[in-house]
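Grab a pencil and open the viewer.

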Amino acid sequence: RLNIGESGIGEKAIALTFDDGPSGYTEELLDGLALYDARATFFVIGSKAEKNPEIVKRAYEEGHLIGNHTYSHIDFYKSTLTEIEENITKGSAVIEEITGSKPLFLRAPYGNVSFIQLKQVEAFFIHWSTSTYDWFKEDEDYIYKRIMKEAKDGEIILMHDTREATVKAVLRAIPELQAQGFKHVKKNKLL
């Protein structure tokens with residue numbers, strides 16, 4: 001959950017976070033976020049960012065936070081420390097080359113990171129407090145209902161900008177959340 005108390009944001013803040021992109025749906029999502037003046041955090045995969053640098057650059061220039069989701073989406077539970085560190089470093093280098101800024105935050109693929117790895121890997125890990133399960137059920141109404149049900153002050157909501165249903169659901173939810181007084185924030189404003 002977000003540390004709202006010291007953020008100066010006030011009440012009812014949530015972080016919309018998107019993993020595994022950029023994809024063919026990310027630009028539609030960025031258009032919608034711009035329309036509603038909402039900010040999000042994108043945990044990008046380095047190999048996909050290399051293929052779509054203009055999307056990552058646009059997201060960064062429009063005020064969204066770009067985080068590292070490794071270069072090739074490796075599973076930390078199935079990888080050596082050396083493999084993990086190399087994958088993180090390579091992902092960070094791609095993001096820095098595109099944005100001109102080294103990413104501060106990392107989300108482990110699948111959320112798989114052990115306590116020992118947290119201690120060994122030099123990175124600021126960001127998890128999530130609730131998931132839309134859009135990776136499990138790619139259905140716009142289902143995802144929309146999950147967002148609305150789970151939207152509480154301080155939530156970090158996990159979604160994927162690789163799914164059309166997710167993009168449509170979140171763009172449907174944002175104006176309703178804003179009408180309820182929620183502020184959509186990017187993670188670095190909350191630490």
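Here come the exercises, and keep in mind that this is a predicted model.

**Exercise 1.** Find the largest nonpolar core and say which residues have the most contacts inside it.

*Solution.* 
- Step 1: Start with the core itself, which has 35 residues. Leu 16, Phe 42 and Val 170 are the ones with the most contacts inside it.
- Step 2: Next, look at who contributes. Among the elements giving two or more residues are strand E1 (13-19), helix H1 (26-35), helix H4 (81-99) and helix H7 (164-179). H7 gives the most, with eight residues.
- Step 3: Now zoom in on Val 170. Skipping neighbours within four places in sequence, Val 170 is in contact with Leu 16, Phe 18, Leu 29, Ile 147 and Met 159.

**Exercise 2.** Decide for Thr 132 and for Ile 116: buried or exposed?

*Solution.* 
- Step 1: Thr 132 sits in the loop between strand E6 (130-131) and H6. Its relative accessible area is 1%, and buried means under 20%, so Thr 132 is buried.
- Step 2: Check what surrounds Thr 132. Beyond residues up to four places away in sequence, Thr 132 touches several others, including Tyr 142, Arg 146 and Leu 158. A polar atom of the Thr 132 side chain lies 3.2 Å from the backbone oxygen of Leu 158.
- Step 3: Turn to Ile 116, in helix H5 (residues 115-120). With a relative accessible area of 55%, Ile 116 is exposed.

**Exercise 3.** Work out which residues of H6 are buried and what they pack against.

*Solution.* 
- Step 1: List the buried residues of H6: Ile 143, Tyr 144, Arg 146, Ile 147, Met 148 and Glu 150.
- Step 2: Follow them to their partners, and you'll land on E6, E7 and H7.
- Step 3: Have a peek at the start of H6. There, a side-chain oxygen of Asp 139 comes to within 3.3 Å of the backbone nitrogen of Asp 141.

**Exercise 4.** Count the salt bridges in the whole structure, then trace a few.

*Solution.* 
- Step 1: The count is 13.
- Step 2: Take Arg 58 and Asp 31, whose side chains meet at 2.5 Å, N to O. Arg 58 is in helix H3 and Asp 31 in helix H1, 27 residues apart, so this pair links distant parts of the chain. Asp 31 is partly exposed, at 45% relative accessible area.
- Step 3: Go on to Glu 138 and Arg 163, which form a salt bridge at 3.0 Å, N to O. Glu 138 is in the loop between E6 and H6, and Arg 163 is in the loop between E7 and H7, so they tie together parts 25 residues apart in sequence.
- Step 4: Finish with Lys 152 and Glu 150, which meet at 3.8 Å, N to O. Lys 152 is partly exposed at 39%, whereas Glu 150 is buried at 15%. Shared partners join Arg 146, Lys 149, Glu 150 and Lys 152 into one network of salt bridges.

Key
Residues are numbered from 1 along each chain as its sequence is written. This is a predicted model: local features need pLDDT of at least 70, side-chain atom pairs count only at pLDDT 80 or more; totals for chains, interfaces and linings use all residues. Side-chain values use heavy atoms; hydrogens and water are left out. A nonpolar core is a set of buried Ala, Val, Leu, Ile, Met, Phe, Trp, Tyr and Cys residues joined through side-chain atoms within 4.5 Å. Buried means under 20% relative accessible area, exposed over 50%, partly exposed in between (1.4 Å probe, protein chains only). Helices (H or I, at least four residues) and strands (E, at least two) are DSSP runs, numbered from the N terminus. Contact means heavy atoms within 4.5 Å. A polar contact is a pair of N or O atoms within 3.5 Å; within protein, one must be able to donate a hydrogen and the other to accept it, and residues adjacent in sequence count only if both atoms are side-chain atoms. A salt bridge is a side-chain nitrogen of Lys or Arg within 4 Å of a carboxyl oxygen of Asp or Glu.
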